[in-house]
Amino acid sequence: MNIAVVGTGYVGLVTGTCFAEMGNHVICVDIDKNKVESMRNSIIPIYEPHLDILFERNIKQGRLQFTTDLAEAVAKSNIIFLALPTPPGEDGSADLSYVLGVAKQLGHLMTEYKLIINKSTVPVGTAEKVDAAVREHAKVEFDVISNPEFLREGFAVDDFMKPDRVVIGTKSEKAKKLMSDLYAPFVRQGNPIYFMDERSAELTKYAANAFLATKITFMNEIANLCEQVGANVDSIRIGIGSDSRIGKRFLFAGIGYGGSCFPKDVQALFKTAGEYKYDFKVLDAVMSVNDKQKTIIVDKLRKYFKGNLKGKKIALWGLAFKPDTDDIREAPALYIIDELLKDGASIQAFDPEAMENVKKILGNKIVYSTDSYQAVTGADALIIATEWSLFRTPDFDIMSAVMKNKVIFDGRNLYDPVRLKELGFHYNSMGREEIVQG
Ligand SMILES: NC(=O)c1ccc[n+]([C@@H]2O[C@H](COP(=O)([O-])OP(=O)(O)OC[C@H]3O[C@@H](n4cnc5c(N)ncnc54)[C@H](O)[C@@H]3O)[C@@H](O)[C@H]2O)c1
């Protein structure tokens with residue numbers, strides 16, 4: 001099939017590349033000229049494990065092209081995916097200007113039937129809005145359908161190639177047939193393609209993200225309570241996770257959810273509910289707990305240093321909102337940095353992939369280290385904000401030798417407190433006993 005993917009970010013580029021890998025011809029459109037230029041030169045603009053091999057192979061074999069020209073992409077394709085940003089608008093609801101802006105142009109450009117598929121995360125009723133925007137200028141038949149994306153950054157290729165499920169919102173039989181054919185190679189092991197109406201498909205995506213954000217937040221509150229009552233959140237996680245109604249995943253306590261999806265999607269769903277005069281109380285609580293959780297570790301650090309962080313050298317491991325990505329959108333680390341700088345601390349950070357992106361925002365407000373040990377050299381304390389694998393088994397002897405104080409505030413519960421006690425560290429983690437030396 002001939003496919004256009006409009007918007008070549010984390011979702012669009014993975015979508016385009018994976019469809020090309022299955023033998024389709026894909027043309028990716030982006031308004032960012034530099035991005036398109038570098039992709040034409042086989043330079044991949046994001047860090048996403050395993051994407052590079054597929055990206056290079058499909059460019060080489062002529063199935064994956066890039067352009068800034070929407071008209072060219074529309075002319076060359078019968079299926080058009082919209083993978084455009086839907087950032088929060090000023091009031092927190094999803095900003096649909098990117099999606100509707102492209103939809104308006106499509107009407108002018110189409111000369112034969114097109115299937116227009118919305119892959120962006122969009123509020124209930126957007127398919128109807130896109131349909132109306134295209135229809136304003138369209139002279140040919142078309143369908144607008146919803147196909148929300150559930151991939152996770154860091155596992156995006158695997159998630160796309162072997163989705164747990166594919167959700168498709170449409171009433172059009174023609175669209176159903178095309179989508180079944182398109183996705184057939186991805187669900188050969190029998191994973192389902194669920195067809196439903198457009199509104200339900202749109203809401204399914206928000207419900208999934210809001211549920212996961214709620215699960216994380218619930219565990220974070222349990223962790224906070226553990227610290228008050230002297231219980232261990234890891235034991236509780238194991239104790240409840242073995243109940244199949246609860247499940248083992250998404251139960252790890254930490255410093256709050258971040259990223260480009262959960263924060264904006266929870267907020268947008270809350271706004272949608274409000275527009276329909278429904279007060280979605282749980283989501284309100286999730287947002288306010290998470291806001292606090294993102295900097296709770298700084299409050300703990302303040303307490304440790306008796307309220308005075310001025311002049312303290314703080315090492316920070318991890319900047320990305322989660323491991324295996326360079327994405328820093330809404331990363332808890334950025335909120336932590338903000339608080340530390342406000343208090344007059346200096347920061348030596350290290351992240352394997354996300355430092356360039358942070359540099360673009362913060363410039364030289366913090367020091368960027370070449371590795372994790374340089375970051376902790378001379379540090380009064382270390383904060384761990386992202387659970388990159390390489391932070392899991394550091395050389396504690398080197399750390400003991402180079403740190404000014406052997407103090408770790410671990411926002412991701414990477415280490416065994418008993419071991420850290422033996423090694424002579426002051427160790428504060430989430431929802432577990434604080435290790436105090438001496
Ligand atoms: N990132 C994720 O993990 C993820 C997962 C599932 C769903 N989503 C949803 O998918 C959508 C896209 O997310 P993303 O993370 O890929 O965004 P992104 O910001 O990484 O990428 C969006 C791309 O669209 C381009 N763009 C903007 N306006 C354009 C236009 N008029 N024409 C062509 N290109 C244009 C931008 O230059 C950018 O390259 C969002 O709605 C998001 O909520 C994201």
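Trainee: What should I know before I start?
Mentor: It's a predicted model, where local features need pLDDT of at least 70 and side-chain atom pairs count only at pLDDT 80 or more, while totals for chains, interfaces and linings use all residues. Residues are numbered from 1 along each chain as its sequence is written, and side-chain values use heavy atoms, leaving out hydrogens and water.

Trainee: OK, which residues have the most contacts inside the largest nonpolar core?
Mentor: Leu340, Ile408 and Tyr415, in a core of 59 residues. A nonpolar core is a set of buried Ala, Val, Leu, Ile, Met, Phe, Trp, Tyr and Cys residues joined through side-chain atoms within 4.5 Å. Buried means under 20% relative accessible area, exposed over 50%, and partly exposed in between, using a 1.4 Å probe and protein chains only.

Trainee: And what does Leu340 touch?
Mentor: Not counting residues up to four places away in sequence, its contacts include Val298, Leu301, Ile347 and Ile383. Contact means heavy atoms within 4.5 Å. Apart from that core lies another, of 40 residues, including Ile3 and Val166.

Trainee: Switching to helix α15, which of its residues are buried?
Mentor: Met355, Val358 and Leu362, in a helix that covers residues 355-362. Seen down the axis they fall within an arc of 60°, so they line one face of α15. That arc is taken from the directions from the helix axis to the C-beta atoms. Helices (H or I, at least four residues) and strands (E, at least two) are DSSP runs, numbered from the N terminus.

Trainee: Why would residues three or four places apart point the same way?
Mentor: Because an α-helix has 3.6 residues a turn.

Trainee: What does the buried side of α15 pack against, then?
Mentor: Its buried residues pack against α14 (332-342), β10 (346-350) and β11 (367-368). The face turned away carries the exposed residues Glu356 and Lys360.

Trainee: Where's Asp351?
Mentor: In the loop between β10 and α15. Asp351 is buried yet has no salt bridge, and the nearest side chain of opposite charge, Arg412, is 10 Å away. For charges, Lys and Arg count as positive and Asp and Glu as negative, with His and the chain ends not counted. A salt bridge is a side-chain nitrogen of Lys or Arg within 4 Å of a carboxyl oxygen of Asp or Glu.

Trainee: Which side chain does Asp351 make a polar contact with?
Mentor: That of Trp388, at 2.9 Å. A polar contact is a pair of N or O atoms within 3.5 Å; within protein, one must be able to donate a hydrogen and the other to accept it, and residues adjacent in sequence count only if both atoms are side-chain atoms. The backbone nitrogen of Leu319 also lies 2.7 Å from a polar atom of the Asp351 side chain.

Trainee: How many salt bridges does the structure hold?
Mentor: There are 27. In one of them, Arg302 pairs with Glu339, with the closest N and O atoms 2.8 Å apart. Arg302 lies in helix α13 (residues 296-304) and Glu339 in helix α14, so the pair ties together parts that are 37 residues apart in sequence.

Trainee: Are those two buried or exposed?
Mentor: Both Arg302 and Glu339 are buried. Arg302 also meets Asp343 in a salt bridge (2.6 Å, N to O). Asp343 is partly exposed, with a relative accessible area of 24%.

Trainee: Which residues are linked in that network of salt bridges?
Mentor: Asp299, Arg302, Glu339, Lys342 and Asp343.
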